[in-house]
Amino acid sequence: ILDAPPEIETHDVLASDDHAVVLNKTRVTRGGKLMEQDQVVVMHIEGGKIAEVWLQFSDQQALDEFASA
């Protein structure tokens, strides 16, 4: 269980008719331990709506370890 909801600080947003990309800095604490990572969110747009979303974190292994601890 997280100590609080994740904090997400948006660095930039880039978009076209077909895609939107959001660059974030994410921070989360669990059991008093802080994890901070860069995050890229890529959204595929169809008909003016989000059709697919892909998430990429700067250190997936650290995220997996943090989530499973």
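Me: How many bridges join E3 to E4, and which way do the two strands run?
Reply: Eight bridges join E3 to E4, and the strands run antiparallel. Strands here are DSSP runs of E of at least two residues, helices are runs of H or I of at least four, and both are numbered from the N terminus. Two strands count as paired if DSSP finds at least two bridges between them.

Me: Thanks! What sort of model is this, by the way?
Reply: This is a predicted model, where local features need pLDDT of at least 70 and side-chain atom pairs count only at pLDDT 80 or more, while totals for chains, interfaces and linings use all residues. Residues are numbered from 1 along each chain as its sequence is written, and side-chain values use heavy atoms, with hydrogens and water left out.

Me: Good to know. What is the strand order in the sheet?
Reply: The sheet is open, with four strands in the order E1-E2-E3-E4 and antiparallel pairing. E1 (7–15) and E4 (49–57) are the edge strands with a single partner each, so one side of each has no neighbour in the sheet. From one strand to the next, the twist averages 20 degrees.

Me: And how many bridges join E2 to E3?
Reply: Twelve bridges join this antiparallel pair. Arg27, for instance, has Glu36 in E3 as its bridge partner. The two strands form a hairpin with two residues between them, and Gly31 in the turn has a positive phi of about 60 degrees.

Me: What about the turn between E3 and E4, which residue has a positive phi there?
Reply: That is Gly47, with a positive phi near 60 degrees, in a hairpin that also has two residues between its strands.

Me: Switching topic: which strands does helix H1 lie across?
Reply: H1 (residues 60–68) lies across E2, E3 (33–46) and E4, at about 115 degrees to E3. Axes are lines fitted to C-alpha atoms, for helices over the stretch in contact, and angles run from 0 to 180 degrees between N-to-C directions.

Me: Is Gln39 buried or exposed?
Reply: Gln39, in strand E3, is buried, with a relative accessible area of 8%. Buried means under 20%, exposed over 50%, and partly exposed in between, using a 1.4 Å probe and protein chains only.

Me: What does Gln39 touch?
Reply: Leaving out residues up to four places away in sequence, Gln39 touches Val22, Leu23, Asn24, Thr26, Leu55, Gln56 and Phe57. Contact means heavy atoms within 4.5 Å.

Me: And where does Val53 lie?
Reply: Val53 lies in E4, and counts as partly exposed because its relative accessibility is 46%.
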